[in-house]
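Open the model in your viewer and keep the selection panel at hand. Each stop below gives a selection and what is found there.

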Amino acid sequence: MAAPSEVTDEPGQPPALTSLSLAEAAQSTRKQDQIITPFDVSGGFDDSGKPKAIDYDKLVDTFGSQRIDKPLLERFEKVTGHRPHRMLRRGLVFSHRDLNLILDKYEKGIPFFLYTGRGPSSDSMHVGHTIPFEFTKYLQDVFDVPLVIMLTDDEKFFHTPKLSLKDVYKFTVQNAMDIIAVGFDMKKTFIFADTEFIDGGFASAFNNNVRELGKRTTINQIKGTFGFNDSNNIAEFNFPAVQSATAFATSFPFIFGTDSKKVSKIPCLIPCAIDQDPYFRQCRDNAPKMGYLKPAIIHSVFLPSLRGKESKMSASDADSSIFLSDTDKQIQKKVGKAFSGGQDTAELHREIGGRTAVDVPFQYLTFFMEDDEELKRIQEAYEKGEMQSGEMKMACTKELQAYVGAFRERRKAVTEDVRRSFMRPRQLTFTGMPSEEERQEAKDKRIKQLEQELEWLN
């Protein structure tokens, strides 16, 4: 099977290290701090030019977020009545902004909504892309709340000179179907693509929030936050306001109702990889000025590249990634070439054991294996030298084949009609949804808009 169609993830920016051979990059690079932005992810280089793993503790300090600690996890379980997801238990979802306030509101019966998204850059997502979506589904199931998923196809178009709108649409359709196959509840989930929704008749409230955000954001702020310079196009400078507008319930009156005073108090929780945090720092700065609550954020780590923990899995580098469209044979081949924490010889490995901290197959097991006890057994056996690298890779291959195989079966059930239903603006079903009167008011307003559009056409 051919590799999925792809475009580089970070065009218009300094080349992303995830798109390069780290070995080649190291030859021409001196000491460099880690870089974590929406456009570039790298652990940096040490004094000798050797790539370094991403330092998440340093990110927490740099970004000013908070670690998800044991007391918060205990409170999460007490409040929700659910065991924390394996990604929470293992520190893979590790940092937050105001998650404690979301739990406060949930305890009091105050409704909130979830928001996450994806920038379509290939016609098949890889397993690293499913991590925030799988975790988001868990949150939707636990809290029984509505979810908005934003497909930022316009951002990919703005950032990628070679990407056409036709390419954008193709990737968006396929990615939407991949996301649906994660298992979201259609009654509680609205998915939209920017290029379709923003120019449609349902987006007037959304666009008003974009304008309000844009008015409050300066060029210097965008340059400072994202590293933009005068060579970036004007659409790129405006896009942070677009991505931020989704964090406000008032952007979606067909979901939350038209009582702006009431709807403006509905909180938002955003599960995302930590490279997206700069967007929402800008959003949180502006929210109080607009009379809105700051969105809460919960951060996940990156799934490492097959080449090592120094960079994340990237759709623009097929050899570094396990795609959801890969066959069992392709998965086996790729895992077989993954960076190992084993020793140079079997004898030495038995003597001093393997290094699970850098072993990519073991790292993948921490993301995808549900059984904590089995994961602990594998870790101890490998570190004691009782399990060889080949056995570790076999265990990882088996887990990934099962994970991707289950996805394939769910994906078969996602038809074009199902996709269209998920992406149709509509009232969602959830606790605290608008009253019948509010829903009728929103419907009447929409009918009036359509009548005006028909008048203009005539």
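Select cysteine 268. In this predicted model, cysteine 268 has 2% relative accessibility, so it counts as buried, the cut-off being under 20%. Now display the cysteine sulfurs. Searching the whole structure gives zero disulfides.

Go to cysteine 396. Its relative accessibility is 1%, so cysteine 396 is buried.

Move to threonine 397. Helix α20, residues 389-412, holds this residue. Threonine 397 counts as buried because its relative accessibility is 9%. Show its side chain: a polar atom there lies 2.8 Å from the backbone oxygen of lysine 393. Which residues does threonine 397 contact, leaving aside neighbours within four places in sequence? Select Ile331, Gln332 and Val335.

Next, select isoleucine 322. Beyond its neighbours within four places in sequence, isoleucine 322 is in contact with His126, Val127, Leu306, Met313, Ile331, Lys334, Val335, Leu400 and Val404.

Widen the view to the nonpolar cores. The largest has 82 residues. Color Leu88, Val127, Leu269, Ile322 and Tyr364, the members that touch the most other members. Then select helix α6, residues 127-143: the helix gives this core its largest share, eight residues.

Last stop: a second, separate core of 42 residues. Pick out Ile198, Ala249, Phe256 and Met290, which are among its members.

Technical notes. Residues numbered from 1 in each chain as written. Predicted model: local features only at pLDDT ≥ 70, side-chain atom pairs only at ≥ 80, totals over all residues. Heavy atoms only, no water. Helix = DSSP H or I, 4+ residues; strand = E, 2+ residues; numbered from the N terminus. Buried < 20%, exposed > 50% of the residue type's maximum accessible area, 1.4 Å probe, protein only. Polar contact = N/O pair within 3.5 Å; in protein donor to acceptor, adjacent residues only side chain to side chain. Contact = heavy atoms within 4.5 Å. Disulfide = S-S within 2.5 Å. Core = buried A, V, L, I, M, F, W, Y, C linked by side-chain atoms within 4.5 Å.
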